Amino acid sequence: MNILFLNGPNLNLLGQREPEKYGLTTLADIEASVRLEAKARDVTVAFKQSNVEGELVTWIQDAKGNYDAIVINAAAYTHTSIAIRDAIAAVAIPTTEIHISNVHAREEFRHHSVIASVCRGQITGFGCFSYILGLIASVNENAKPQ
Ligand code: CA2
């Protein structure tokens, strides 16, 4: 199984800015923990981050035929990007939406996700462990009879 992990804008700053909100763990640390967990489950992963909406859209389009599942932390684009939503719907690859913080316990504008309805489900609020939960959910979905 091959899983694509996508990360949206500003997540490259994790561990370097606003540690009181997002902690001290960097995106590289998260990638390392995801790779460890994936190896234990015999899964291969790709891990990408972009601050550019169109680049995320292109990566989702290019995932068709190359990945069995997508795990996406679309960051602020979660709440605004119809383009990312449409790309997820178009490729029809099982996609899990994840967030580090609990978006429903934060500002009202973070309560709505425009991508949630085209994802298999949403994991939110478990810190960096949300990435591992996203991996486990993807593996579990993939094991179900089609
Ligand atoms: O909790 C999450 O994972 C979010 O996707 C993070 C986004 C936010 O817009 C979503 O509502 C919830 C923000 C990512 C920005 O990350 C930063 C990291 C360090 C310093 C500043 C921003």
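1. In the side chain of Asn-73, an N or O atom is 2.8 Å from an oxygen atom of the ligand. For His-79, the distance between a side-chain N or O atom and an oxygen atom of the ligand is 2.7 Å. Arg-110 places a polar side-chain atom 2.9 Å from an oxygen atom of the ligand. The ligand has 510 Å² of accessible area on its own, and the protein covers 95% of this; accessible areas come from the Shrake-Rupley method with a 1.4 Å probe, and for residues only the protein chains shown count as cover.

2. Basis of the model. The model is predicted: local features need pLDDT of at least 70 and side-chain atom pairs count only at pLDDT 80 or more, whereas totals for chains, interfaces and linings use all residues. Residues are numbered from 1 along each chain as its sequence is written, and side-chain values use heavy atoms, with hydrogens and water left out.

3. The surroundings of the ligand. There are 17 residues around the ligand, and those that come nearest are Asn-73, His-79, Ile-100, Ser-101 and Arg-110. A residue is near a molecule or strand if one of its heavy atoms lies within 4 Å of it.

4. The structure holds 8 salt bridges.

5. Three further charged pairs. Side chains of opposite charge can pair when their charged atoms come close. Arg-41 and Glu-37 form a salt bridge of 3.1 Å, N to O; Arg-41 is partly exposed at 34% relative accessibility, and Glu-37 is partly exposed at 26%. (Buried means under 20% relative accessible area, exposed over 50%, and partly exposed in between, with a 1.4 Å probe and protein chains only.) Between Asp-86 and Arg-85 the salt bridge is 3.7 Å, N to O, with Asp-86 partly exposed at 42% and Arg-85 partly exposed at 25%. Glu-18 and Lys-21 meet in a salt bridge of 2.7 Å, N to O; Lys-21 is partly exposed at 45% relative accessibility.

6. Positive phi values. Most residues other than glycine have a negative phi. Glu-18 has a positive phi, near 45°, and is found in the loop between strand E1 and helix H1 (19-22). Its relative accessible area is 38%, so Glu-18 is partly exposed. Ala-92 likewise has a positive phi, of about 50°, although it is not a glycine. Ala-92 is found in the loop between H4 and E4 and is exposed at 57% relative accessibility. Helices (H or I, at least four residues) and strands (E, at least two) are DSSP runs, numbered from the N terminus.

7. Leu-14. Is Leu-14 buried or exposed? Leu-14 is buried, at 4% relative accessibility, and lies in the loop between E1 and H1. Leaving aside residues up to four places away in sequence, Leu-14 touches Tyr-22, Thr-25, Thr-26, Leu-27, Ile-30 and Ile-100; contact means heavy atoms within 4.5 Å. The C-alpha atoms of Leu-14 and Thr-25 are separated by 6.5 Å, and the two residues are 11 residues apart along the chain.

8. Ser-113. Ser-113 is in the loop between strand E4 (95-99) and strand E5 (121-124), and is buried, with a relative accessible area of 10%. The side chains of Ser-113 and Glu-97 are joined by a polar contact of 3.0 Å. A polar contact is a pair of N or O atoms within 3.5 Å; within protein, one must be able to donate a hydrogen and the other to accept it, and residues adjacent in sequence count only if both atoms are side-chain atoms. The Ser-113 side chain also reaches the backbone nitrogen of Ile-115 at 3.2 Å. Not counting residues up to four places away in sequence, Ser-113 touches Thr-78, Glu-97 and Gln-122.

9. Helix H3. In helix H3 (residues 53-62), the buried residues are Leu-56, Val-57, Trp-59 and Ile-60. They lie on the same side of H3 because they cover an arc of only 160° around the axis, the arc being that of the directions from the helix axis to the C-beta atoms. These buried residues pack against strand E1 (2-7), strand E2 (44-49), strand E3 (69-73) and helix H4 (82-91).

Key: A salt bridge is a side-chain nitrogen of Lys or Arg within 4 Å of a carboxyl oxygen of Asp or Glu.
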